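Notebook open, structure loaded. I'm jotting down what I looked up, chain by chain.

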Amino acid sequence: MSGPELLLWARGTGLQIAVAIFLFGLLARFVELWLLGRKTDLSVARASAVGPGLRTVVSRSLPMPGALKQTPLVFLGGYVFHLGFLATLLFYVPHIHFLRSILGFGWPGLPPFLIDVIGLVTIATLIALLVQRFTDPVRRFLSRADDYVAWTVTFLPLLSGYVAFHRLGTDYTLMLALHILSVELLLIVIPFTKLMHMFTFALARWYNGAIAGRKGVRV
Amino acid sequence: MADNQTVGETLASRGISRRTFLKFCATMTSLLALPPGMAEVMAETLARTRRQSVIWLSFQECTGCTESLTRSHSPTLESLLFDAISLDYHHTLQAAAGDAAERARVQAMQDNAGKYLVIVDGSIPLKDGGVYSTIAGHSNLDMLKETAAGAAAIIAVGTCATYGGLPHANPNPTGAVAVSDIIKDKPIVNVPGCPPIATVITGVVAHFLTLGTLPELDSLGRPKVFFGDTIHDRCYRRPFYDQGKFAKTFDDEGARSGWCLYELGCKGPTTHNACATVKWNGGTSFPIESGHPCLGCSEPNFWDAGSFYQALSAKTLPLSAHAGAALAVGAAAGVAVGLVSRAKKKAAARQHTRVSADDLEKGGGA
Amino acid sequence: MSTPAERATNAFLEQIDRPTAAFFESCVHCGMCAHACLFYTETGDPQYTPIHKLEPMRRVWEREFTLFGRVKKWLGLSKPLSEAELKTWEPLVYDSCTLCGRCSLTCPVGNDIVYMVRKMREGMVAAGIAPDGLKEASIRAVRVGSPMGVTLQALKAQIAHAEKDVGLKIPLDQEGAEYLLLMSSAEIMQFPEFMGAAAKIFAQAGVSWTLCSTAFEATNSGIQIGSSDIAAQLVQRIVDGAEKLKVKTVISPECGHAYTALRWEGPNLIGRPYPFKVQHILEVLDELRAAGKLQTEGMEEAKLTFHDPCQIVRRGGVVEQPRNLLRMVASNFVEMEDPGIYNWCCGGGGGVSANERAEPLRIKVFSRKKHQLDQLGVSTVVTACSNCRNMLEEGLEHNHMQVSVLSLTEMLAEHLKE
């Protein structure tokens, strides 16, 4: 397939397929998880679980005392990566127009040079986190294929986006097509890997806060 | 009608001065990015050359490509071209009609076998035996194959001839295809555009006339000298793109300040053409300079590549049907496996045998 | 269904619920839980990473309850649990985890890892793969009535001593009393002063209380080994006794897991709510303090600190009460670094203290508590769990540290206005 043909497919049919698989997987996984249910707690609550549950969904983003000092790269790198990824995704004007074509509305973007810097920092951070996953004893011990797959499908859109942005590579049309395809790959992979955490973390944090909260403990 | 005059003889008989002719050759040399010394060579060669036989086939087209070529502001350039070639067949420009015209075509093919140039504009419909575009009872398909057989080279002019163009757009009811989809055994130069820039068409022909070869082509068969860069690469509004200054409507402050037209749908970044440098109407302007986003008209399938007025990054096909179906099927699948999970849990609970102190003592569990 | 692996799998199928699935789904292998876990920080051994302790259960979840996992199972691409695997995990689940819960506090995606370790142990017990010490403790708890084998006879003897000590009656089987006091074996046998202290405090406060001859043991070995069946049996015994004596409140004493077992897990174990309240002794004492019924005099002048028992503070929710009470009788109370719900485990909870095989590891990880105490330079540490008391005393001795360990209840009793 030529660059223009690939780009056309990626923007059209490719996106339809990717979105379909993504939404199918997301819903199937979530409903499957939800239906496992949870037994009602018959003990007498010391306090309502709702407030603490909601609170933890947000507050767990802050580190436990001592945690930052123990694992600075995991924590800070994690934040730089997540925020950088979201910033480049949501505040680069061409991306905003992509989302506008789906949602029907858009929002102001950041200047391209800023997106460029953020993108580069995000890429560097992801690489640093991968190196840490290889070299740090705990992370190396825990890591499985799923971790590396997730890293790769997350890295590719950033890398291909950077390449396209800077008109590196042989043919911009092809680079753009590869970038869009890498995003479609990411979409397809999300429901079947640990990347589901982007949807389930809120539920996990909720339970954490709720379980402790009904005992009167703020976590 | 073919004649045996050289180009130089023809020019002289038309009263075109050598100076004017040299200016033409110098311009062509420059446009083709050939070394300056080639201007003289071009002049000498063209003057001595027998006027090149050219057969122009117009198929499923709107005649815009011919219009582009003939409606130039400076008669010297393009008409000089017509003086340098012998246009033996062209629906719009020829004097003859009907059987006489077809006889002239066949005669030219015989007289210049293996040497004549074929220029094609318009796509070739294939559906239902090619009945959707015929000339003198022959389908475009048949005429193309017949005419191409003895050609030295084929120049496909306009996006219809190069990639199928408008007729090829979804749902392509006539089964329209490009020249290169049919002819596989002759050198083909694609000069796309809807229409192409007149000077570009002229330049390609001039290259062939002077050097006897076709210019270097890219992977889509387009002359690299004209189609090697994208509009975006050469656009004078590029600094605004880089700074993030975009016009959001056709008449807002950004538009009036001449800011980048990306948000209004400009396809410049993925469009290869010479519009941003060579421009139109003898270098007067080009769409972006006039405030309209580039349509991407020299790229394949540009009609199907999303709205002209939605950004390049926007999706091109609807998603709601796919999304809706996916959500429904996903939910159903989730419920199905979820119920299986619940059944598994219930079964496990039923199979639970109470652990007692005796069991622990025996060393095993329940 | 008869192999250990099959029984473990079956137990996991029962145990895995929506929260568990959300937790497994969300884990991104960031490894931050390791840095909250005493056993990793003091040894540097990555195998003690808390989430890793759950791997067998996670595999069952993936294989049985996830879309991809089901497909892999159908294609024969995944393996069921094996007995060897469970045996490998036994020391990870029982020796290097005290159910302290610090891991649950740190996980950035919000995983309640200790919640899952508790479930993991259910599978292990079902397979019969657990430390001998814990098994024996459970057997004794069920058959004799106490994990340490304390009989009613032994209790009665201790009661007699205590009555003589404090000059007060210690009621037994008093129907209609407001409070039923439970005690841990450690309190009965090793720290019998506790009984007397309680008697003095209740007498001053003018509240009625009693012990129960059929339900005097608070410690729940079932919780520690991770068997809901055993745990339910032990809780039922207490519920029966409390209902028989028609008490209003059952008091969980200075014992960590007793509180978790009775207050939070109990009703779910026996399948119904209690007709009585359950409070930790510190909750009761703090209530009395707030009502002005706890009158003390004099202060401990020496600098001292409080060791937060995991099951009472972080896992139990009794956070402020010990501090309120301590401030009544201590003028120089300083908090440890990482106080309250962030405090570090003594190393002996979750059944580790009953697990002989785990002793070297437990002694090793005491270095954290040592560090906390060294930082403050205190000569006294107060706590409210007799297992913590024992672990602290052992650790301090092993490290040749001149720090004394006191019970908060006993300390309050000593300062009661005469």
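For contacts I count two residues whose C-beta atoms, placed from the backbone, lie within 7 Å. On that basis, residues 24 or more positions apart make up 82% of the contacts in chain C with a separation of 6 or more.

Housekeeping: this is a predicted model, where local features need pLDDT of at least 70 and side-chain atom pairs count only at pLDDT 80 or more, while totals for chains, interfaces and linings use all residues. Residues are numbered from 1 along each chain as its sequence is written, and chains are lettered from A and ligands numbered from 1 in the order in which they are written.

Next I looked up the make-up of chain C: 21 helices and seven strands. These are DSSP runs numbered from the N terminus (helices H or I, at least four residues; strands E, at least two).

Then the sheet. I found four strands of chain C in an open, parallel sheet, ordered 2-1-3-4; strands pair if DSSP finds at least two bridges between them. Strand 2 (209–210) and strand 4 (277–280) of chain C are at the edges with a single partner strand each, so one side of each has no neighbour in the sheet. Strand 3 (residues 249–252) of chain C pairs with strand 4 of chain C over four bridges, and C:V250 has C:V278 as its bridge partner there.

Last, the contact between chains: 46 residues come from chain A and 48 residues from chain C. Helix 10 of chain A gives the most to the chain A side, with nine residues.
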